[in-house]
Amino acid sequence: MRIAAPKLDQLFGLVGQSGCTVLLTDAKGILLDQRCSAGDAPAFEEWGLWQGADWSEEAEGTNGVGTCIAEQRQVIIHRNEHFLARNAGMSCMDAPIFGPDGNLAGALDISSARSDQTEAFNRLIAATAAQTARQIEAEAFRASFPKARIVCADHDTSETAMLLAVDSDDIVVGATRGARKAFGLRASGPIAPLPASDLLGREDGPSGFEKAERAAVVRALTRAAGNVSEAARALGIGRATLYRRMKRLGIGEISG
């Protein structure tokens, strides 16, 4: 809710003047948060499209929120495509939001009360809803792994955020729904830790430890402004030992 609220404000700023309400639901179809203009509020209240209402398919039949949640995909339900006749006056554009564990967390809904709204305009609004849903999903994922590096494999046409959480040892410890699907990982729940290099196709090979050692020596020398004695102390080895390693690793002296 805290992460989504600013996104709902931004989205309503884009579509609110065209007779739309913006809604956030949980995974069961309960409306949690809403943005709506005062002029459009009576119409949406009459339809029951209001905070606290249940818009699951079980409660309302085919509708934007319920169908999006049931099928876990983006949907557009245009006017008379709604199951209940009383809902045929609105168009609903919805996108699912998946949690950091890969399970469905809820849906983002934009519903319009405009009787003259075209299907082409609905598709444009649906694309905006999907983009916002990805942003909410991505920020929630980052918040769940505050100490990890976040690797992005996203692109504009993806339906969900594609992010990996990688710890300080370069082990993948988390993945969004989109990344799980793209990399063949478990669809939901905890993932089995694995090296990022294995997942991303980078070869460590037999020289992996040597690369790590070389990087550590270069960092120590750089921090010591090229002073080999100081760098050796930082590494916990003798000066002569560091010189031998520098020679073996092909590292020249670094000037301060």
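Guide: Helices (H or I, at least four residues) and strands (E, at least two) are DSSP runs, numbered from the N terminus. This is a predicted model, in which local features need pLDDT of at least 70, side-chain atom pairs count only at pLDDT 80 or more, and totals for chains, interfaces and linings use all residues. Residues are numbered from 1 along each chain as its sequence is written, and side-chain values use heavy atoms, with hydrogens and water left out.

Visitor: In which helix is the place of Lys 7?
Guide: Helix assignment follows the DSSP runs just described. On that basis, the place of Lys 7 is in helix α1 (residues 4-15).

Visitor: Does Lys 7 count as buried or exposed, and at what relative accessibility?
Guide: Buried means under 20% relative accessible area, exposed over 50%, and partly exposed in between (1.4 Å probe, protein chains only). Contact means heavy atoms within 4.5 Å; leaving aside neighbours within four places in sequence, Lys 7 is in contact with Thr 132, Gln 135, Ile 136 and Glu 139. Lys 7 counts as buried because its relative accessibility is 12%.

Visitor: How far does helix α5 reach from its first C-alpha to its last?
Guide: Helix α5 covers residues 119-144, which is 26 residues.

Visitor: Is Ala 127 buried or partly exposed, and with what relative accessible area?
Guide: Ala 127 lies in helix α5, where the buried residues include Ile 125, Ala 126, Ala 129 and Ala 130. The C-alpha atoms of Ala 127 and Gln 74, 53 residues apart along the chain, are separated by 9.2 Å. Ala 127 itself is partly exposed, with a relative accessible area of 46%.

Visitor: How many of the eight residues of helix α4 are buried?
Guide: Helix α4 (residues 64-71) is mostly covered. The cover over its buried residues includes β1 (20-26), β2 (31-35), α3 (57-60), β3, β4 and β5 (104-112). Gly 64, Val 65, Gly 66, Thr 67, Cys 68 and Ile 69 are the buried residues of α4, and the count is six.

Visitor: Which residues does Arg 86 touch, not counting residues up to four places away in sequence?
Guide: Arg 86 lies in the loop between β3 (75-78) and β4 (91-98), and it is partly exposed, with a relative accessible area of 42%. Its C-alpha atom is 10.0 Å from that of Gly 48, 38 residues apart along the chain. The residues that Arg 86 touches are Trp 47 and Glu 60.

Visitor: How far apart in space are Val 228 and Ala 59, C-alpha to C-alpha?
Guide: Val 228 is found in helix α9 (residues 228-235) and is buried, with a relative accessible area of 5%. Val 228 touches Leu 221, Arg 239, Leu 242 and Tyr 243, not counting residues up to four places away in sequence. Val 228 and Ala 59 are 169 residues apart in sequence, and their separation in space is 73 Å.

Visitor: What radius of gyration does the protein chain have?
Guide: The C-alpha trace spans about 85 × 35 × 30 Å along its principal axes. The radius of gyration is taken over C-alpha atoms, and the globule rule is 2.2 Å times the number of residues to the power 0.38. A compact globule of 256 residues would be near 18 Å, but the protein chain has 26 Å.

Note on methods: Expected span 1.5 Å × (residues − 1).
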